[in-house]
Amino acid sequence: MGRIDYNRRDRNPGPPDLSCPSCGRDDQVSAVPAVYQRGRGRVRERDHEGHWHTRTVMSPLAQSLRPVPEMKVWPCLLLVLGLPVPFFWLAALGFLVAEPGADSFSVLVLATVFGAVLLGPGVFLIVKHRRAVSGRAGAEALWQRGWYCERCGTVHYVGDPRARSLGEFRREVWTAGGYGQLVDRYPLV
Ligand SMILES: [Zn+2]
């Protein structure tokens, strides 16, 4: 078993030309997925009650290079807040069966309205988002071919003489996934 010579690849004849069409150099050029992964990290922090939490943080650059738009927080929040509602509803239903009366009927109606207001939009928006990004494999296939030049802040593809701004690259990638219409709703950070 010999040692792996990592420099050997550079001496191979005909390596792909990764140089940036904008500055003509390749010393600050990295694959888009690598830049994206580098910009993501998990941090542990303590809240004011002394409990530790881990959360994912993303650099503005990694955010800009996302192949798929992130799920907004508030539909998930609606869903989480609305999850106990069916239990209230079942409890109210049970109460209504045991003791038919106007009061429990009001509780039932109230729980239904409350659940419809919280759960309905939450489920609808989450399903809509998942459906919208169902073509993400197509987007990622293009995204993986992107090379980012740190010097110019642009992205290019091997063999394509045009450098793209981050906004243009996002539009191309998201359009390849079938959700290019979401670009305008997710401004670059
Ligand atoms: Zn460049």
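Q: Which residues does Val32 touch, not counting residues up to four places away in sequence?

A: This is a predicted model, in which local features need pLDDT of at least 70 and side-chain atom pairs count only at pLDDT 80 or more, while totals for chains, interfaces and linings use all residues. Residues are numbered from 1 along each chain as its sequence is written. Two residues are in contact if their C-beta atoms, placed from the backbone, lie within 7 Å. With residues up to four places away in sequence left out, Val32 touches Leu65, Trp143, Gly146, Trp147, Tyr148 and Val155.

Q: Which residues of the largest nonpolar core touch the most other members?

A: In soluble globular proteins, nonpolar side chains tend to be buried together. A nonpolar core is a set of buried Ala, Val, Leu, Ile, Met, Phe, Trp, Tyr and Cys residues joined through C-beta atoms within 7 Å. A residue is buried if 20 or more other C-beta atoms lie within 10 Å of its own, exposed if 12 or fewer, and partly exposed in between, with C-beta atoms placed from the backbone. Here the largest core has 15 residues, and Val32, Val35, Tyr148, Val155 and Val173 touch the most other members. At least two residues of this core come from each of α2 (32–38), α7 (136–143), β4 (146–149) and α8 (166–176). These labels are DSSP runs numbered from the N terminus, helices being H or I of at least four residues and strands E of at least two.

Q: What is the order of the strands in the open sheet of three strands?

A: Strands of a sheet pair through backbone hydrogen bonds, either parallel or antiparallel. Two strands count as paired if DSSP finds at least two bridges between them. In this sheet the order is β1-β4-β5, with antiparallel pairing. Both β1 (29–31) and β5 stand at the edges with a single partner strand each, so one side of each is left without a neighbour in the sheet. From one strand to the next, the twist averages 35°.

Q: How many bridges join β4 to strand β5, and how many join β1 to β4?

A: Four bridges connect β4 with β5 (residues 154–157), and Val155 is the bridge partner of Tyr148. Three bridges connect β1 with β4; Ala31 has Trp147 as its bridge partner, and Ser30 stands opposite Tyr148. Within β4, Gly146 and Tyr148 point one way and Trp147 and Cys149 the other way, and all are buried. The hairpin of β4 and β5 has four residues between the strands, and Gly153 takes a positive phi near 70° there.

Q: At what angle do α7 and α8 pack?

A: Helix axes are lines fitted to C-alpha atoms over the stretch in contact, and angles run from 0 to 180 degrees between N-to-C directions. For α7 and α8 the angle is about 140°, with the axes 6 Å apart. That makes α7 oblique to α8, since angles under 35 degrees count as roughly parallel, over 145 as roughly antiparallel, 65 to 115 as roughly perpendicular and the rest as oblique. Gly138, Ala139, Leu142 and Trp143 of α7 make the contact with Glu172, Val173, Trp174 and Ala176 of α8.

Q: Is Ala176 buried, exposed or partly exposed?

A: Ala176, found in helix α8, is partly exposed, with 19 other C-beta atoms within 10 Å. Its contacts, leaving aside neighbours within four places in sequence, are Gly138, Ala139 and Leu142.

Q: How many residues of strand β2 are buried?

A: Of the seven residues of β2 (residues 40–46), the number buried is zero, so this strand lies largely in the open. Seven bridges join β2 to strand β3 (residues 52–58), the two running antiparallel, and Arg42 stands opposite Thr56. Five residues lie between the strands in the hairpin of β2 and β3, where Gly50 takes a positive phi near 90°.

Q: Into which domains is the protein chain divided?

A: Domain bounds come from an automatic or database domain assignment. The chain is divided into domain 1 (69–132) and domain 2 (135–189), whose C-alpha centres lie 38 Å apart.
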